[in-house]
Amino acid sequence: MAQFMDVHHGMAGITADQLKQAHQADLAVEKDEGVHFKKAWADPGSGTVYCLSEAPSAEAVQRVHERAGHAADEIHPVPLTA
């Protein structure tokens with residue numbers, strides 16, 4: 001399965017608890033789309049959140065985020081890792 005890194009902007013001041021809640025919201029519906037969210041990171045100062053997932057497509061990632069209430073602003077394939 002392919003890996004994707006998605007980016008959310010406009011989340012300035014996000015707390016660790018809010019990040020955990022958003023990640024849990026994704027996990028609650030990810031199976032419906034065949035997606036698995038592996039990890040999420042946030043920079044409260046810039047309001048940027050990053051999520052790493054395995055999924056059949058970028059569209060599947062976006063559908064999960066939309067259902068969880070926080071659509072991604074960018075979704076990038078990650079074809080190579082080290």
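Select Q62 to begin: at 18% relative accessibility, this residue counts as buried, where buried means under 20% relative accessible area, exposed over 50% and partly exposed in between (1.4 Å probe, protein chains only). The model is predicted: local features need pLDDT of at least 70, side-chain atom pairs count only at pLDDT 80 or more, and totals for chains, interfaces and linings use all residues. Residues are numbered from 1 along each chain as its sequence is written, and side-chain values use heavy atoms, with hydrogens and water left out.

Which backbone nitrogen does the side chain of Q62 reach? It is that of A72, at 2.8 Å. Display next the residues that Q62 touches (contact means heavy atoms within 4.5 Å): leaving aside residues up to four places away in sequence, they are A71, A72 and I75.

Now extend the selection to helix α2, residues 58-68, where Q62 is found. Helices (H or I, at least four residues) and strands (E, at least two) are DSSP runs, numbered from the N terminus. Within α2, the residues A60, V61, Q62, V64 and H65 are buried. An α-helix has 3.6 residues a turn, so residues three or four places apart point the same way. To see what covers the buried residues of α2, colour the elements β1 (2-8), α1, β2 (36-43), β3 and β4 (74-77), which are included in that cover. Just after α2, select G69, which takes a positive phi of about 95 degrees.

The next stop is a cavity. On a 1 Å grid over the protein atoms alone, a cavity is a set of points where a 1.4 Å probe fits but cannot get out, and lining residues have an atom within 4 Å of a point. A search of the whole structure finds one cavity of 30 Å³ or more. The largest cavity holds about 70 Å³ of space, a volume being the space filled by probe spheres set on the points, which are joined across faces, edges and corners. Select its lining: H8, M11, I14, L19, A22, H23, D26, A40, V49, C51 and H70. Which element gives the most to this lining? Helix α1 does, with four residues; both α1 (16-29) and β3 (48-55) supply at least two.

Finally, show the whole chain. Two helices and four strands are present, in the pattern β-α-β-β-α-β along the sequence. Of the 82 residues, 38% count as buried. The C-alpha trace spans about 35 × 30 × 20 Å along its principal axes.

Notes:
Polar contact = N/O pair within 3.5 Å; in protein donor to acceptor, adjacent residues only side chain to side chain. 1 Å grid on protein atoms, 1.4 Å probe; cavity = no way out; pocket = protein on both sides within 12 Å on 5 of 7 lines; lining within 4 Å.
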